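User: I am new to this structure. Please walk me through how to read it, one feature at a time.

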Amino acid sequence: MITSPSAAPEARAGKREWIGLAVLALPTLLLALDMSVLYLALPHLAADLQPTSTQLLWITDIYGFMVAGFLITMGTLGDRIGRRKLLMTGAVFFAAASVLAAYSTSPEMLIATRTLLGIAGATLMPSTLGLISNMFANPKQRGVAIAVWMSCFMGGTALGPAVGGMLLEAFWWGSVFLLGVPVMLLLLATGPVLLPEHKNPDAGRLDLASVALSLCTILPVIYGLKELAKDGLSTTSLGAIAVGVAVGAAFVRRQLRLSDPLLDLRLFTNRRFSSALGIFSVGGFAMGGMFLFVSQYLQLVEGLSPLHAGLWLVPPAVAMIGGTMFGPALSQRIGAGWVIGGGMALAGLGLAVMTQAGATGGLGLIIAGLMVAMVGLGPGAALTADIVVGSAPPEKAGSAASVSETSGEFGIALGIAVLGSLGTAIYRSGFTAPAGTPADVAATAEDTLAGAVAAAPSLPAEIAVPLLDTARDAFMNGLNVVAGVGSVAMLAFAVAGVVLFRRFQPPATQEAPAGEGGEAAPSTADEPPADTDALVHAV
């Protein structure tokens with residue numbers, strides 16, 4: 001039986017735990033930065049290393065692939081060998097791989113080091129969140145701690161372009177990787193003193209077959225979604241997704257038959273656990289697609305430099321951090337359901353504002369809408385992460401954290417694929433090259449806005465100006481539709497958030513029923529674990 005933490009008053013964290021949280025927040029911020037900071041460095045490293053187009057794609061994507069693929073494995077491994085031990089080990093490898101990446105002398109070397117960075121990053125993410133759940137036993141304090149953790153993660157993703165732009169103004173492209181070295185050295189120096197060790201004393205051996213099956217499930221699906229976003233429906237994208245789904249069925253069957261599985265699927269029989277994961281994924285879906293278009297809008301429509309484009313994303317990031325930190329206190333007053341649902345409704349309204357932006361004079365609407373959306377998303381993201389981790393037994397905290405982060409990765413990848421494909425289709429259907437445009441230039445411009453911007457300088461002004469105007473108008477039509485779809489999704493799930501969590505009272509305000517001797521009786525998950533044999537048969 002899966003039990004949720006008792007609602008009885010827990011020991012409150014002290015100064016050591018809060019300083020330890022600061023130590024854990026730094027690698028979380030760094031990992032998020034690493035996912036977005038590379039984009040601005042691509043032109044610089046391309047000029048230096050001269051990779052092929054295929055190699056450049058792998059340099060960009062391999063880090064995210066490895067993080068997503070190894071999250072579940074590393075989360076469960078931390079439960080077995082100790083979360084602090086795994087965190088320290090990952091920090092050593094991350095620092096070493098960062099130095100190797102910074103001084104890479106060939107595309108192949110950079111791809112290999114980015115692969116190592118992704119695997120090391122996967123050891124850090126679930127370990128940090130798992131340790132937070134152990135360090136902050138008091139539910140109210142845990143909610144605040146997870147809000148800080150989530151602020152660092154989401155804020156780091158948004159701040160990555162600005163940080164990368166500032167580094168590239170003063171240093172070479174490898175400097176974006178060296179950010180990780182001092183952070184990991186600080187973690188290694190302070191972690192053994194400030195961070196406690198936690199592991200599952202009854203955990204068995206790691207099932208290597210399950211590890212292989214999990215990788216062969218997640219990696220093909222993520223790859224297929226990325227290919228879908230780039231090239232639309234194709235044999236490659238659909239085949240990769242189909243392979244991942246088929247292997248995923250085998251993975252599920254194996255987990256249900258193992259006495260000590262890599263991923264305890266009984267966690268999903270807790271309705272709050274599953275609902276929180278779904279809502280977290282929807283937020284990633286909507287915002288993953290929007291950030292794809294906003295980043296292009298700032299540079300290709302507004303004509304901003306990468307640095308200035310990154311700086312325009314700082315206000316939404318700050319707004320999101322403020323919203324995230326405000327979420328736990330607000331949930332104590334009005335309940336988690338209203339905070340999660342109300343936040344998603346606010347995010348939906350922010351995206352609705354973005355549907356009104358045009359190709360000229362739209363910057364204010366885009367940034368204002370994005371700020372409102374980020375304020376709305378922040379509290380719900382922190383609360384759903386807290387619900388996911390709090391719904392699992394303490395010995396499964398690392399595994400629960402990895403599932404939460406994996407669901408977010410899938411949501412973002414799906415949003416980029418689906419909403420990216422939708423926006424691209426609308427762009428292509430709305431673009432018409434002006435008369436006199438050479439056929440090859442027209443084909444390039446019709447493919448993407450970036451192609452139109454790149455081709456325009458080679459054309460006479462009387463063709464280039466209307467071509468760019470038409471391309472930017474078509475792109476904004478796509479952005480408006482994508483924002484509208486995201487808004488509808490947010491508003492629909494805002495209702496779901498209120499309904500699913502309207503009776504969920506933050507644990508800090510619950511009163512535990514007394515058992516014999518005045519002790520609090522442990523509470524159980526919303527739904528009993530499903531019968532394992534029945535699940536095996538169903539799969």
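**Reading the model, feature by feature**

Analyst: Start with a charged pair. Arg 428 forms a salt bridge with Asp 447, and their closest N and O atoms are 2.6 Å apart. Keep in mind throughout that this is a predicted model.

User: What is the general idea behind such a pair, and which helices hold Arg 428 and Asp 447?

Analyst: Side chains of opposite charge can pair when their charged atoms come close. Here Arg 428 sits in helix H16 (residues 397–430) and Asp 447 in helix H17 (residues 439–447), so the pair ties together parts 19 residues apart in sequence. The count for the structure comes to one salt bridge.

User: Is Arg 428 buried, exposed or partly exposed? And what about Asp 447?

Analyst: Arg 428 is partly exposed, because its relative accessible area is 34%. Asp 447 is partly exposed too, at 36% relative accessibility.

User: Let us step back. How many helices and strands does the chain have?

Analyst: The chain has 20 helices and zero strands. It has 539 residues, and 55% of them count as buried.

User: How do I judge which parts of the model to trust?

Analyst: Look at pLDDT, the predictor's confidence in each residue. The chain averages 78, and 86% of the residues score at least 70.

User: Where is pLDDT under 50?

Analyst: One such stretch is residues 1–9, for which the model has 28 contacts beyond four places in sequence. Another is residues 507–539, where pLDDT is below 50 and the model has 47 contacts beyond near neighbours in sequence. Read those contacts alongside the scores.

User: What surrounds Leu 129?

Analyst: Leu 129 is in helix H5. Leaving aside neighbours within four places in sequence, Leu 129 contacts Ile 146, Trp 149, Val 389, Ala 401 and Glu 405. Leu 129 counts as buried, because its relative accessible area is 0%.

User: Can you show me another pair of this kind?

Analyst: Take Ala 147 and Pro 379. They are 232 residues apart in sequence and 7.7 Å apart in space, C-alpha to C-alpha. Ala 147 lies in helix H6 (residues 139–170). With a relative accessible area of 0%, Ala 147 is buried. Beyond four places in sequence, the contacts of Ala 147 are Thr 324, Met 325, Pro 328 and Ala 382.

User: Now a loop. Where does Ser 104 lie, and is Ser 104 buried or exposed?

Analyst: Ser 104 is in the loop between helix H4 (83–102) and helix H5 (107–135). Ser 104 counts as buried because its relative accessibility is 5%, and the cut-off for buried is under 20%.

User: What does the side chain of Ser 104 reach?

Analyst: The side chain of Ser 104 reaches the backbone oxygen of Ala 101 at 3.1 Å. A polar atom of that side chain also lies 2.9 Å from the backbone oxygen of Leu 100. Further along the sequence, leaving aside neighbours within four places, Ser 104 contacts Leu 49, Met 109, Leu 110, Thr 113 and Trp 173.

User: Last, the surface. Which residues make the nonpolar patch?

Analyst: Leu 346, Leu 349, Val 372, Val 375 and Leu 491 make a nonpolar surface patch of about 350 Å². Helix H14 (336–354) and helix H15 (363–391) are the elements that each give two or more residues to it. Val 375 belongs to helix H15. Val 375 is partly exposed, because its relative accessible area is 31%.

Technical notes. Residues numbered from 1 in each chain as written. Predicted model: local features only at pLDDT ≥ 70, side-chain atom pairs only at ≥ 80, totals over all residues. Heavy atoms only, no water. Helix = DSSP H or I, 4+ residues; strand = E, 2+ residues; numbered from the N terminus. Buried < 20%, exposed > 50% of the residue type's maximum accessible area, 1.4 Å probe, protein only. Polar contact = N/O pair within 3.5 Å; in protein donor to acceptor, adjacent residues only side chain to side chain. Contact = heavy atoms within 4.5 Å. pLDDT = per-residue confidence, 0-100. Patch = residues over 30% accessible without salt bridge, like charges linked within 9 Å, V, L, I, M, F, W, Y side chains within 5 Å. Areas by Shrake-Rupley, 256 points an atom, 1.4 Å probe, with all protein chains shown as cover. Salt bridge = Lys/Arg side-chain N within 4 Å of Asp/Glu carboxyl O.
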